[in-house]
Amino acid sequence: MSRILSLLFTLVLVCMTPCLAQFEAATVLGTVRDASGASVVRARVTLRNASTGLTLTADSSSAGEYVFVNVPIGSYRLDVEVATMRPAQSEPFTLTVGARQRVDFDLVTATAQSTSVDVVASVGLVEADSSDRGQVVRTAQITELPLNGRAYSELVYLSAGIVPGPSAGQSADSREGSFIANGLRSTFNNFILDGLDNNYYGTSNQGFSNQSTQLPPDAVAEFRVVTNNMSAEYGRSGGATVNAAMRSGTNQIHGSAWEFFRNTDLNAVGFFRPDSGIKPRLNRNQFGVTLGGPVWKNRTFWFVDYEGFRQVSSTLSFATLPNTA
């Protein structure tokens with residue numbers, strides 16, 4: 001019994017170990033200067049996440065530069081402190097998937113009469129520290145835009161230069177995630193989920209999906225579609241890279257529940273009316289739930305999701321047969 005408990009404890013410790021160098025994580029970087037424009041050395045920079053309480057610290061280099069790598073997506077704020085200078089803080093900003101967010105500080109010399117926090121750093125609106133070009137699809141777009149079939153990958157068409165592939169469509173047997181980017185076939189696209197390879201390799205049917213795991217839209221925090229000039233760490237992709245991040249728990253318990261349905265009684269007959277007058281049958285139900293919260297406040301969190309799919313359908317077809325003449 002003690003061996004089993006020791007094994008379980010070891011597995012828990014391994015699962016709690018931070019995973020570094022994941023592609024969906026972001027980077028925060030910047031430069032700390034004084035009023036004359038000179039670099040400020042060894043300024044203590046603190047990065048805080050409002051939702052999870054995550055706190056990271058770093059010191060500016062001899063060039064006044066600081067950097068935080070492998071930062072989970074979310075809402076953050078930066079604080080800077082250094083002797084003889086007034087403390088400063090940034091405006092709240094949101095880190096997106098794979099972003100390189102620059103926040104620069106210009107500090108003011110402190111005086112004996114006043115050392116109040118009155119320096120606010122501005123957050124750059126244009127990302128100039130990365131070569132790749134693409135578009136981020138946020139949570140609100142994923143959950144609120146209509147999706148027939150509820151495949152979040154259909155939202156890649158919000159990006160420029162992407163068109164549906166020959167096997168893409170809205171039918172039940174169409175291939176999910178099949179789109180053409182930069183004029184290349186869908187097999188040249190690259191799907192990443194939480195930093196892991198999520199491609200269903202093979203060109204025969206690919207399990208009716210180009211992804212190994214298809215998350216329900218409500219479980220996707222956001223995803224970035226990179227279509228041009230992507231950096232070397234993505235690799236393999238001549239088309240587009242879809243870099244998705246799953247939702248996670250926070251200090252507050254949160255969740256959602258849903259059911260989307262289509263019913264024969266609510267459907268139109270269609271362009272061709274059957275001779276029998278009976279409409280083709282289509283009953284579809286997609287339902288599920290997400291739930292997340294803290295295990296250990298400010299340290300460990302949990303998140304689960306479930307989606308079910310039930311469908312009964314029939315189709316109407318016509319055939320013309322030659323008579324005896």
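The protein has 2 helices and 20 strands. Both are DSSP runs numbered from the N terminus, with at least four residues (H or I) for a helix and at least two (E) for a strand. The model is predicted: local features need pLDDT of at least 70, side-chain atom pairs count only at pLDDT 80 or more, and totals for chains, interfaces and linings use all residues. Residues are numbered from 1 along each chain as its sequence is written, and side-chain values use heavy atoms, without hydrogens and water.

**Overall numbers**

Of the 325 residues, 36% are buried. Buried means under 20% relative accessible area, exposed means over 50%, and partly exposed lies in between (1.4 Å probe, protein chains only). The protein exposes about 18900 Å², and carbon and sulfur atoms supply 56% of that area. Accessible areas come from the Shrake-Rupley method with a 1.4 Å probe; for residues, only the protein chains shown count as cover. Among contacts (heavy atoms within 4.5 Å) between residues at least 6 apart in sequence, 61% join residues at least 24 apart.

**Cores**

A nonpolar core is a set of buried Ala, Val, Leu, Ile, Met, Phe, Trp, Tyr and Cys residues joined through side-chain atoms within 4.5 Å. The largest one holds 23 residues, and Val32, Tyr66, Phe68, Leu78 and Phe105 touch the most other members. Strands E1 (26–33), E2 (44–49), E4 (65–71), E5 (74–81) and E7 (93–95) each supply at least two residues of this core. Another core, of 18 residues, lies apart from it; Leu155, Leu215, Val220 and Ala240 are among its members.

Phe68 sits in strand E4. Beyond four places in sequence, Phe68 touches Ala26, Thr27, Val28, Val45, Leu47, Leu56, Thr57, Ala58 and Leu78.

| Residue | Relative accessibility | Class |
|---|---|---|
| Phe68 | 4% | buried |
| Gln286 | 6% | buried |
| Asn251 | 15% | buried |
| Val295 | 59% | exposed |

Gln286 belongs to strand E19 (residues 282–296). A polar atom of its side chain lies 3.3 Å from the backbone oxygen of Gly149. Gln286 and Gly149 are 137 residues apart in sequence, yet their C-alpha atoms are 8.5 Å apart. Other contacts of Gln286 beyond four places in sequence include Arg150, Trp258, Phe260, Glu307 and Phe309.

Asn251 lies in the loop between strand E17 (241–246) and strand E18 (254–262). Its side chain makes a polar contact with the side chain of Asn298, at 2.7 Å. A polar contact is a pair of N or O atoms within 3.5 Å; within protein, one must be able to donate a hydrogen and the other to accept it, and residues adjacent in sequence count only if both atoms are side-chain atoms. Beyond four places in sequence, Asn251 also touches Ser51, Thr52, Gly53, Pro294, Lys297 and Phe301.

**Surface patch**

Ile253, Leu291, Val295, Trp296, Trp302 and Val304 form a nonpolar patch on the surface, with about 610 Å² of accessible area together. Patch residues have over 30% relative accessible area and no salt bridge; like charges are joined within 9 Å, nonpolar side chains (Val, Leu, Ile, Met, Phe, Trp, Tyr) within 5 Å. A salt bridge puts a side-chain nitrogen of Lys or Arg within 4 Å of a carboxyl oxygen of Asp or Glu. E19 and strand E20 (300–313) each supply at least two residues of the patch. The largest share, 3 residues, comes from E19. Val295 is found in E19.
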